[in-house]
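Hello,

Here is the structure for your files. Please look it over first; my notes come after it.

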Amino acid sequence: MLKQRAQIAGVHVILLAYSLLAVGPILLVVMNSFKSRNAIFGSPLSPPTGDTFSLIGYMKVFHASLIGTYFANSLIVTLVSMGLVLLFGAMAAWALTEYKFRGSAALAIFLSIGIMVPIRLGSVAILKMLKTVGLNDTLTGLILVYIAQGLPMSIFILSEFVQQIPRDLRDAARCDGVPETRIFFEVIAPLLRPAIATVAVFTIVPIWNDLWFPLILTSSDSTHTITLGVQQFLGQYITDWNSVLAALSMAILPVVAIYIIFSRQLIAGLTSGAVK
Amino acid sequence: MAEPLSQVVASMPRGRFVALMTLFLGPAVVVYTLFSIWPLIATMGLSTYTTDNAGAYRFVGLANFVTLLADSVWSKPFWNAAWNNLIFFCVHMLVQNPIGIVLAGLLSLPGLKLKSFYRTVIFLPTMLSVVIVGFSWNLILSPLWGVAEGALKAVGLGSWFAPWLGLPSTALVTLALMSVWQFVGIPMMLIYASLLNIPDELVDAARVDGLGHFRIFLHIKLPLVLPTIGLVSILTFVGNFNAFDLIYSVKGALAGPNFASDILGTFFYRTFFGNQLQLGNPTMGAAVATVMFFIILVGVCLYLFIVQRRLRRYAF
């Protein structure tokens, strides 16, 4: 009995130590972003007090960069991509799992190539193509690329969810003579809501965090996303520790807030049958 | 039993069925083909061309690949990047995945309290941008700030400290460990999920035979989650062989010191986009991307045809 208790305590010590390792660096950056320069260097490990509290870094970031624009751009790109990935992905997943027709298996394999092959490797041609049609350096160009990038994984995940929907539900609607399009939009689509969290982890978070495509496809300040904007700001102000820590915290905090609010759904989605 | 579905579909005029499928599948297939599959093919096509000063394209066959692999101006940095990439991948396989397995094993212990707290916290870094993680660690490891040095001193290891990111001998491994720190949550979650799927009867039978938690994990659970470990390995492989963001944000396009942290992603970027040392060269860039494509393809095929087929026999 005693041995067992010691074992459980040991397990908690290991997990707690690892948890500390996981959040320690994040806490350190956020904590120090609210401190004056002297306090950042003098006592990096202590939280801000009345004496050392300072928002100078944040003010500098707002003055010296278009952080509001970057944030809005990221929000537009991510939300529009997310909406369309979910819509197109759900429609395709439904069609592929519900109706078997000649070539549907081949089409499913074709659509899953993108799960393993990173779209990044086509960047040279993507940039050339977008330049030809005048979509380089626009948010539209980014959104189209991100939809293409997110679709394969979301179709894969959504197909698993579609399969779990009881057959009777759609058949009952069919017996009542409801047209196929309405069956999807009014019966099936609302049932796919729990899949959103899983799709978000695998396709939406990578879009918000992506550096590569904004770096390759956008050249002007007004089309930068938050990840690229912060990256360039950090490069310029690397010696100004207040600004650097503030910019990092501003990129960290919204993601952490959303993660904490939705962590239950996100983790349930991850550990559910969706990824085997 | 006649299925209502087949009746509905069979009674539907052919034209209407085609229209329905076009409506459902059309948008996904068009966007995906235009912006994912076609660019991959077109990039491979571009890799067989070269551009002159006026920007006109000229077909050169496989000459770009010969240059890349045999001309020492190109081949030296290419092989350096490929070798570094292999080291980067090995660090992930040897550190990230074993830690992920251990954490998943501990979290799946029956009756463990605070489970969801640990899961949430350990997965947190995975949600952050690589850029943010890179910069944060850059600050923490910086001798200027001295946080890492102070932490080591506190446990009596102060003499171990070195500016790891700045030394050619340690920069790459340090960067790889930063990436491990961030992404350990993915193997942990995937393996944890598949540990939860193991039928209770198997574990109970072993317990009746008097096996402890550790031996149950090693001899019963671990072999059963091998397919998931295979999946995690191929995800790690693909992710590592097109990694870029971390090295670029910490070390810049030149992947210093003296290219010690250069991997294929940064090499591709420099070739394609140019940098302080050279002009951008899209057709050579396309050749590098094509080589990266084949490296990833070989990995994925090995996984699909060997690893997955072997492991499936033991799957439940």
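Below are the findings, starting with conventions and confidence.

This is a predicted model: local features need pLDDT of at least 70, side-chain atom pairs count only at pLDDT 80 or more, and totals for chains, interfaces and linings use all residues. Residues are numbered from 1 along each chain as its sequence is written, while chains are lettered from A and ligands numbered from 1 in the order in which they are written.

Confidence. pLDDT is the predictor's confidence in each residue, from 0 to 100. Chain B has a mean pLDDT of 86, with 95% of its residues at 70 or more. For the complex, the predictor gives an ipTM of 0.87 and a pTM of 0.89.

Chain B. It has 15 helices and two strands. These are DSSP runs (helices H or I, at least four residues; strands E, at least two), numbered from the N terminus. The C-alpha atoms of chain B fill a box of roughly 80 × 75 × 30 Å along the principal axes. The radius of gyration of chain B is 25 Å, whereas a compact globule of 316 residues would have one near 20 Å. That radius is taken over C-alpha atoms, and the globule rule is 2.2 Å times the number of residues to the power 0.38. Of the 316 residues in chain B, 40% are buried. Buried means 20 or more other C-beta atoms within 10 Å of a residue's own, with C-beta atoms placed from the backbone.

Chain A. The domain assignment (automatic or from a database) gives domain 1 (2-54) and domain 2 (60-271). Their C-alpha centres lie 33 Å apart. The contact (C-beta atoms, placed from the backbone, within 7 Å) takes seven residues from domain 1 of chain A and eight from domain 2 of chain A. On the domain 1 side, helix 1 (2-33) and helix 2 (37-42) of chain A each supply at least two residues. Helix 1 of chain A gives the largest share, five residues.

The core. The largest nonpolar core has 159 residues. Such a core is a set of buried Ala, Val, Leu, Ile, Met, Phe, Trp, Tyr and Cys residues joined through C-beta atoms within 7 Å. A92(A), L158(A), A247(A) and M292(B) have the most contacts inside this core. Its largest share, 15 residues, comes from helix 7 (residues 139-164) of chain A. Domains 1 (2-54) and 2 (60-271) of chain A both give residues to this core, so it lies between them. Leaving out residues up to four places away in sequence, M292(B) touches L121(A), F241(B), N242(B), L264(B) and F268(B).

Best wishes

How values were computed
Two residues are in contact if their C-beta atoms, placed from the backbone, lie within 7 Å. A residue is buried if 20 or more other C-beta atoms lie within 10 Å of its own, exposed if 12 or fewer, and partly exposed in between; C-beta atoms are placed from the backbone.
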